[in-house]
Amino acid sequence: DPQLNQHYTFDNFIEGECNRLARSAGFAVASKPGGTSFNPLMIYGGVGLGKTHLAQAIGNEIKRNLPDKLVIYVSCEKFCQQFVDSLKNNTINDFVNFYQAMDVIIMDDVHNFAGKERTQDIFFHIFNHLHQSSKQIILTSDKPPKDLAGLEERLLSRFKWGLSADMQVPDLETRMAILKKKMYSDGIELPDNVIEYVANQIDNSVRELEGAMVSLLAQATLNKKEIDLNLAKSMLKNFIKNTHKEISMDYIQKLVCDYFEVPVEMVKSKLRKREIVQARQISMYLAKNHTKTSLKSIGAFFGGRDHSTVIYACQTVEDLIETDKKFKAYVQDIQKKLKAS
Ligand code: ADP
Ligand code: MG
């Protein structure tokens, strides 16, 4: 299974208060896929907290115990892309049959279904088919099912069927244990006070924690220096600074277009189709609020429009946010992605 990454195992997943329920439910599912009441198993939590690691570990463990099981790991994003491709190529049946033939499906980041109604429909049918034949479904998401915006009610109600287990930010000790485990497997040694310092500074995500350590090691190697606490302090300053980058209009456009499944070219075109106008107006609104670009330049970027069009677009979006709950949820969801980048 090329989609499974062998590096993510239960062995190298550190257990802590922050992930105990999710980990043990995951382990139960891995020993008896489809045979527990944890179906689907939904693992949710913030960015970089180990959701993908745990979900992959479950898949790898199943393959280790039951090598004949067909296990597929797929990100929601990739699934959506495959669906769009299958529409284009007239191969929807193959697409559906492929997924319905699996014993275990692991779908990562299902919050990315938001706004993609057609893909949700297809997944709804695949989900039902697998669930009815007691096949195991494992999902990850950045929020619990009750807070997922832009997903159809009938799909959400199924996501709530099994067990939802959250992943929280690990406490200091767990963060230190994660760093030590990682260093050990890479054959690296660092003084304890450096590990503690790094774990103290980075307290929002395991991914950033690892990133900080990698950056520290890279700089030390480059400068041929031993890492002590002082060096760690000065190096980490740069790491924390570098993670704040500016948001570009290109990026906003790509994010909005992906979200609503509309091709990028169309947003810049003269088309007046509803979903395209909506994507265009939201893009303009986000560009006004999240970049330092002038209204004139924003209009020019989105298909050579003038600044009054941008003002009108922003007004429309603001009105809709006031009056339309679903629309408001869409915009908030996109804004969150923008800030997470
Ligand atoms: P998410 O999918 O929640 O955004 P990931 O699973 O990609 O997060 O985790 C980010 C990084 O942190 C990965 O390299 C992963 O191996 C590591 N990681 C997260 N949690 C743990 C843990 N409990 N033990 C060991 N490594 C972890
Ligand atoms: Mg992930």
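# A guided tour from the ligand outwards

Begin by selecting ligand 1, which 17 residues surround; the closest are Ile14, Gly48, Thr52, His53 and Glu210. Please keep in mind throughout that the model is predicted.

**Stop 1: the ligand and its polar partners**

With ligand 1 still selected, display the side chain of Arg207. An N or O atom of this side chain is 2.8 Å from an oxygen atom of ligand 1. Next, show the backbone of Gly50, where an N or O atom lies 3.0 Å from an oxygen atom of the ligand. Taken alone, the ligand exposes 550 Å², and the protein buries 90% of that.

Which elements give two or more residues to the shell around ligand 1? They are helix H2 (51–65) and helix H9 (206–222). If you colour the shell by residue class, you will find seven nonpolar, seven polar and three charged residues.

**Stop 2: the domains**

Now colour the chain by domain. Domain 1 covers residues 17–167, domain 2 covers 172–242, and domain 3 covers 249–340. The C-alpha centres of domain 1 and domain 2 lie 33 Å apart. Four residues from domain 1 and five residues from domain 2 take part in the contact between them.

Why is ligand 1 said to lie between domain 1 and domain 2? The reason is that both domains give residues to the shell around the ligand.

**Stop 3: Asn60 in helix H2**

Return to helix H2 and select Asn60, which lies in this helix. Is Asn60 buried or exposed? Its relative accessibility is 12%, so Asn60 counts as buried, the limit for that term being under 20%. Display Asn5 as well: its backbone oxygen lies 2.9 Å from a polar atom of the Asn60 side chain. Leaving out residues up to four places away in sequence, Asn60 touches Leu4, Asn5, Gln6 and Tyr8.

**Stop 4**

Move to strand E1 (residues 41–45), in which Gly45 lies. Gly45 has a relative accessible area of 6% and is therefore buried. When neighbours within four places in sequence are set aside, Gly45 is in contact with Lys51, Ser141, Asp142 and Met167. Select Glu173 together with Gly45 and compare their positions: the two residues are 128 residues apart in sequence, and their C-alpha atoms are 19 Å apart in space.

Next, select Pro40, whose place is in the loop between helix H1 (20–31) and E1. A cis peptide bond joins Asn39 and Pro40, with omega at about 5°.

**Stop 5: two residues with positive phi**

Select Ser134 in the loop between helix H5 (117–132) and strand E4 (136–141). Although Ser134 is not a glycine, it has a positive phi of about 55°. Its relative accessible area is 45%, so Ser134 is described as partly exposed.

Finally, select Glu261, found in the loop between helix H11 (249–260) and helix H12 (264–268).

Technical notes. Residues are numbered from 1 along each chain as its sequence is written. Chains are lettered from A and ligands numbered from 1 in the order in which they are written. This is a predicted model: local features need pLDDT of at least 70, side-chain atom pairs count only at pLDDT 80 or more; totals for chains, interfaces and linings use all residues. Side-chain values use heavy atoms; hydrogens and water are left out. A residue is near a molecule or strand if one of its heavy atoms lies within 4 Å of it. A polar contact is a pair of N or O atoms within 3.5 Å; within protein, one must be able to donate a hydrogen and the other to accept it, and residues adjacent in sequence count only if both atoms are side-chain atoms. Accessible areas come from the Shrake-Rupley method with a 1.4 Å probe; for residues, only the protein chains shown count as cover. Helices (H or I, at least four residues) and strands (E, at least two) are DSSP runs, numbered from the N terminus. Ala, Val, Leu, Ile, Met, Phe, Trp, Tyr, Cys and Pro count as nonpolar, Asp, Glu, Lys and Arg as charged, and the others, Gly among them, as polar. Domain bounds come from an automatic or database domain assignment. Buried means under 20% relative accessible area, exposed over 50%, partly exposed in between (1.4 Å probe, protein chains only). Contact means heavy atoms within 4.5 Å.
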